[in-house]
Amino acid sequence: MRARAGNLGPMAVVAAAAVLLYLPLVVIANYPLAQRALERGAVMDCEGPLACAFSLRNPVIPAPGQLFTGIYNLLLPLDSPSAIPINAFWTGAETLVGLALAALVGFLFAVGLVLSRAFELSVLPWIVASQTVPIIALAPMLVVLLGQYGVQGWLPKAIIAAYIAFFPVTIGLAKGLRSPDSLTLDLMKTYRATTFQTFLKVRLPASLPYLFTAFRISTAAALIGAIIAEMSTISFYGLGKMLSENARASDVVGTWVLMIASAALGILLVACVGWVERLVTPWRR
Amino acid sequence: MATLGSSLAGTTRAEGGGPPLSAVLALAAGQAFLLLFVLLWWERTDIAAPAWQLGLYLATLVAAFGLSRLAGWIAEHPAGPVVRFLPAAFTMILTLLAAEALLRAYQVPAGLIPTPTEVLTVLWQARDVLLQDTFQTFVMEAVIGFLIGVGVALPVSLLIARSGFLQRGMMPYAAAFSSIPIPALAPVFVHMFGLDWQSKAAVVAVTVFFPVVVNVVRGLLEIDPRLLDLMRSYAASDRQIFAKARVPNALPFFFNALKLGTTLAMIGAIVGEFFGATGKGLGFRIQIEAGRFGFDIVWAAIIVASTLGIAWFGLVAWLERRFTAWHVSLRE
């Protein structure tokens, strides 16, 4: 169910309904706060708690106008180190490098799993179990640890993104390398293809769709990893740095804008992965 | 001939009832050496001599070699689930033993990488604090948020599945919303619902909500048209079609979302606590202790969170087997 032309009408109606529901929500959430502020005699250039609910400095839910101003303030100038674009770029780059790293290491593991039953018996249960574990909890420690060994800058963030993406990628690749049916493999045998040739010409291409399915699942997770890694150390850029700064300064509008920006980055990254997939596997679709 | 010979030899050994003796011996000897070193160095605080270090690497290699031979033998012979799990169990034991021995041999400070036994000791010593953290994170945040998220998602997905307009209008948004990274969601909710468990439960509920909606709607709609035709030929009413065809069809999708949801719920609760908590919770503990190099507590908290995560996942998987035993993927 993607954004197709036929969906645009209903999507617009739903969006309009959401906006209409949002306004009363702003009033309900902010009204008591505005009332209290007025009772305390705060100086605000608005009349009555209803109007002030839309211009609180620290609203529970920011009003649409505040959100737009916030987006405008944080989006521009494009190359400012305290604006979103350059920070989102770094976080996105870390995530993508992490995914590439995960593909590399995951590939080695997947080959091991496919070639050796002994390796599979010894390691696979732990890889599967690790999928149900909140491995993100390791991120704060890993960043500090990597920092101790001199790994700093964007690299530790990419490593943690890779670490989180690694497990789904490994399992997806192993599944993909096993996916060619016995008919195809028999055909390769009649061609007198070597194991390596079969691997290169049959198993590897067959595993690509599985790899990209795994990527699409793990992109969101890798992005979480990169953001948490940025938060956990002294960082000079990245959405994670902006998030922790904003949360500490409790700039409510800022956290909302960052939420929207991170969501946009997540969607963009998944789209990027899809784009690479179409590039690498042109025979599908 | 060679393969025939080895396979014959394999069968005779299997009839003899045991795995290759050399493999078992290598595994046992390697692990015994590692264990011996750990016991020798239990109280010592000096860095082991290079000969010892070399011995440890060799012992690890020998044990790993024995393990791989043993695993290869088990893989080729029929064995019960317990025996088939043995290689994995030994992998874990060997990894922990080697880590313990090497960390002690190089005297890596506990503030950097604690040894497994140090972690277990702290796990026991700090059990009161960790129990309190676990209650906050698991029961109050993850489980309550999970139940709220699933509870709201089910009626919403029924509604969406009934209306073509809502499908076209809402499902693209659901996909977009599920790609919001949790750490970006957390600060907003922490401000809205306060520092206590409510904000984290809200984060968990939202992260669990979208996968459940997406999957259940798919499950209700992606149904074999022949099945619907069959139901119609039985003159089944809409209600009957829904209860007897669509709901069973959606169950495997639903359980998949639930399994995904257990992991997301643990992540949501832990990550949510990174952005503000009331001084308890596993995520809070991890963040605070990682900042001041208390990695033994961090590891202990991770062990607790992982165990709970696996147990919860196992519970949902068990429910899945119980309720969808008829499904292709679970049939023998």
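Predicted model: local features only at pLDDT ≥ 70, side-chain atom pairs only at ≥ 80, totals over all residues.
## Domains in each chain

Chain A splits into domain 1, covering 5-61, and domain 2, covering 84-280. If you take the C-alpha centres of domain 1 of chain A and domain 2 of chain A, they sit 39 Å apart.

Chain B gets a domain 1 and a domain 2 as well, with bounds 20-108 and 124-325. Here the C-alpha centres of domain 1 of chain B and domain 2 of chain B are separated by 39 Å.

## A helix pair in chain A

Now for some packing. In general, you describe two packed helices by the angle between their axes and the distance between those axes. Helix H9 of chain A (residues 195-232) and helix H10 of chain A (residues 239-249) have axes that come within 7 Å, crossing at roughly 55°. Angles of 65 to 115 degrees would count as roughly perpendicular and angles under 35 degrees as roughly parallel, so H9(A) and H10(A) end up oblique to each other.

As for handedness, the crossing of H9(A) past H10(A) is right-handed. On the H9(A) side, the contact is built from Ala226(A), Ile227(A), Ile228(A), Ala229(A), Glu230(A) and Met231(A). H10(A) answers with Leu239(A), Gly240(A), Lys241(A), Leu243(A) and Ser244(A). Sort the residues of this H9(A)–H10(A) contact by class and you get 7 nonpolar, 2 polar and 2 charged.

## A helix pair in chain B

Over in chain B, the pair to look at is helix H2 (residues 21-40) with H3(B). Their axes come within 7 Å and cross at roughly 145°. The crossing of H2(B) and H3(B) is left-handed. By class, the contact of H2(B) with H3(B) holds 17 nonpolar residues, 5 polar ones and 1 charged.

## Where the chains meet

How many residues does each chain put into the contact? Chain A contributes 51 residues and chain B contributes 53 residues. On the chain B side, several helices each supply at least two residues, namely H3 (50-76), H4 (81-105), H7 (164-177), H8 (182-193), H11 (238-274), H12 (282-291) and H13 (295-323).

Which helix gives the most to the side of chain B that touches chain A? That would be H7(B), with 10 residues.

Note on methods:
Residues numbered from 1 in each chain as written. Chains lettered and ligands numbered in written order. Contact = placed C-beta atoms within 7 Å. Helix = DSSP H or I, 4+ residues; strand = E, 2+ residues; numbered from the N terminus. Domains from an automatic or database assignment. Axes fitted to C-alpha atoms, helices over the stretch in contact; angles between N-to-C directions. Parallel < 35°, antiparallel > 145°, perpendicular 65-115°, else oblique. Left-handed = near helix turned anticlockwise from the far one by under 90°. Nonpolar A, V, L, I, M, F, W, Y, C, P; charged D, E, K, R; others polar.
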